[in-house]
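Visitor: I'd like a close look at a single part of this one, with some context for the whole chain before you zoom in.

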Amino acid sequence: MKSHRKSEKLFKQAKAVMPGGVNSPVRAFKAVGGNPVFIAKGKGSKLYDVDGNSYIDYVLSWGPLILGHAHPKVVKALKAAVDKGTSYGAPTPLEIELANLVLKAYPSMDMVRMVNSGTEATMSAIRVARGFTKRDKIIKFEGCYHGHADGLLVKAGSGAMTFGVPDSPGVPESYAKNTITLPYNDIDALKAVIENAWREIACLIIEPVVGNIGCVLPKPGFLEAVRALTKKYGIVLIFDEVMTGFRVSYGGAQERYKIKPDMTCLGKVIGGGLPVGAYGGKKEIMSMVSPEGPVYQAGTLSGNPLAMTAGIETLKILSSKGTFKKIEKLSALLEKGLADAAKKAGVRTRFYRAGTMFCTYFTDREVYDYATAKTADTARFAKFFMGMLNRGVNIAPSQFEAGFMSLAHTENDIEKTAKAAYESLKKS
Ligand SMILES: *Cc1c(COP(=O)(O)O)cnc(C)c1O
């Protein structure tokens, strides 16, 4: 067992001054028990905690660090940028450069607006879609997370269609009732709702691969049906690619599955580890955004030079020849290693992967939506998680989170991970 003495002491201090001791809930390890590990530094594929333990990291700041921690070129560019000042509240050439890198990779987008988080991106995109269509309701899918804006913190009960009940106290029912929640991968349920209520529906927002209940892939034909139905009824289709963007392929899920949404939300990877989000889409829709149009959206630090620099440097490296393929290959290698480990240990798991994001579910059922993801044995996962942590492998502290690969991971890292997985599974 590794010692976590310093982390335990810090967690006590943290809990006295921050709710749950953290600034984002999953970090508190509630889903797996135990105390969170406090980090001293990250380098390449590894994290180092305050007690001197190291971990091969598959959380990667929850997705953004596709080049690994502290990539030398990103660090160098950031250091140079800091010397020039951290924010001006005025336009810079850097914003045009990152916008062009994004638009080139996402041809469905004619224009883009930078914000500071994925939450801001989805919240703003929905406002624009409502302004554009002059309709109020939105469709989302059960288990899809689109940040913590009020109207998006709504999931469904079971059944084909649920008019929203808020998930969280503090979200007025009057907000939530404009959110229609449907089961993912269910074309019939979607068709029934749209044919009945399309006159009121401004937009449909979807994670084209669901990363926030693990890694749930769209069934063949599902995204195509989503696209066809929204197009037919004038509903703005928003792909929330905050996680999948530059992750399931360089051009995101829209490139991988060849679907053109009307709007796209990005975040995570495009900030290279700094706080960034972005939303964009067709020119006729984005022309609604202030100051070109009447829909207001603003940000004191939006497009700031540090975040733009980290994003530009990250995308430049990621788009260089063979780089994305290499990360995908490493992901496939890990997939094989984990599958072999589970088989050898005699544990039934289901593994899903899209490009460089993936999830192992502790279930023998096929996982294709929220309800089937929930069949996973979370107690078993918690033991696995602790087993991996104690063997120097950091995976997300919840069964319902995706894992991520980076350019910095090595075949040796993956061998070690597979060995740790076998040992953890055998014991758990
Ligand atoms: C992470 C995430 C968000 C929220 O982004 P934040 O930067 O945490 O606000 C929104 N949508 C998806 C799909 C995400 O994975």
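What percentage of the contacts in the protein chain with a separation of 6 or more comes from residues 24 or more positions apart? After that, please take me through helix α13 (residues 378-390).

Guide: Quick caveats: this is a predicted model, where local features need pLDDT of at least 70, side-chain atom pairs count only at pLDDT 80 or more, and totals for chains, interfaces and linings use all residues. Numbering runs from 1 along each chain as its sequence is written, and side-chain values use heavy atoms, leaving out hydrogens and water.

Now your number: 71% of those contacts link residues 24 or more positions apart, a contact being heavy atoms within 4.5 Å. The chain has 14 helices and 17 strands; these are DSSP runs numbered from the N terminus, helices being H or I with at least four residues and strands E with at least two. The C-alpha atoms fill a box of roughly 60 × 55 × 45 Å along the principal axes.

On to α13. This helix has 13 residues and spans 18 Å from first C-alpha to last, close to the expected 18 Å, which is 1.5 Å times one less than the residue count. Phe381, Ala382, Phe384, Phe385, Gly387, Met388 and Leu389 are its buried residues. As background, an α-helix has 3.6 residues a turn, so residues three or four places apart point the same way. What do α13's buried residues pack against? Their partners are β3 (54-57), β16 (393-394) and α14 (411-427).

Terms used: Buried < 20%, exposed > 50% of the residue type's maximum accessible area, 1.4 Å probe, protein only.
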